[in-house]
Amino acid sequence: MGPEDSPFVTNLSEVPVVEGLRRDEGWVDMRVQFLVDKATAGSDDFLLGWTVLPPGAMHDRHRHFHCDEFWIVLEGSGVMYSDLEDEKPAGPGDVVFTPRGHWHGFRNTGDVDVVLVWGWSGAGSLEDAGYEVAHRHADSDSQ
């Protein structure tokens, strides 16, 4: 019985914040943690993440070619982006599923942190996800 046959257990407090997520790639002032992924749990086709977006933070409109994504808004409020070039309000309890290849994103428009739990089906790492950013908002906000 190898490690892949055993449950993977961690705690949010033990998971480091992902380093190297760049503003010019659509990651604007976000705190992202990969709770279950290829590197820590050996998961090739699933990733579970936790993200905190302080007021004004956002994940610019982006898409993944190799995985579907879901997220659940646990705290705070903002707007979510979609393929349709529109923004819809989002708040606690909202659940979103985006099939691979479709544009999506989130921006905190409130005055408290937004907390999202999210995941990918089809990829266990950012490199495997096939990530592309639209640069609609990130270019205008780059530092």
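Predicted model: local features only at pLDDT ≥ 70, side-chain atom pairs only at ≥ 80, totals over all residues.
Student: How many aromatic pairs does a search of the whole structure find?
Tutor: Five. One of them joins W27 and Y131.

Student: Why is the pair of W27 and Y131 called stacked?
Tutor: Look at two values. The centres lie 5.4 Å apart, and the cut-off for a pair is within 6.5 Å. The planes are at 25°. Stacked requires under 30 degrees, so W27 and Y131 count as stacked.

Student: What makes this pair a link between distant parts of the chain?
Tutor: W27 is in strand β1 and Y131 is in strand β11, 104 residues apart.

Student: Why does W27 count as buried?
Tutor: Its relative accessibility is 5%. Buried means under 20%, so W27 qualifies. Y131 has 22%. That value falls between 20% and 50%, so Y131 is partly exposed.

Student: Why is the pair of W71 and F106 called edge-to-face?
Tutor: The centres are 6.1 Å apart, with the planes at 90°. W71 sits in strand β5 and F106 in strand β9, 35 residues apart. Both W71 and F106 are buried.

Student: How do you know that β5 and β10 pair?
Tutor: Count bridges. Seven join β5 to β10, in the antiparallel sense. Pairing takes at least two, so β5 and β10 are paired.

Student: What makes β5 and β8 a pair?
Tutor: Four bridges, again antiparallel. At least two are needed, so β5 and β8 pair. E69 stands opposite T98 in β8.

Key. Residues numbered from 1 in each chain as written. Heavy atoms only, no water. Phe/Tyr/Trp six-rings, centres within 6.5 Å; stacked < 30°, edge-to-face > 60°. Buried < 20%, exposed > 50% of the residue type's maximum accessible area, 1.4 Å probe, protein only.
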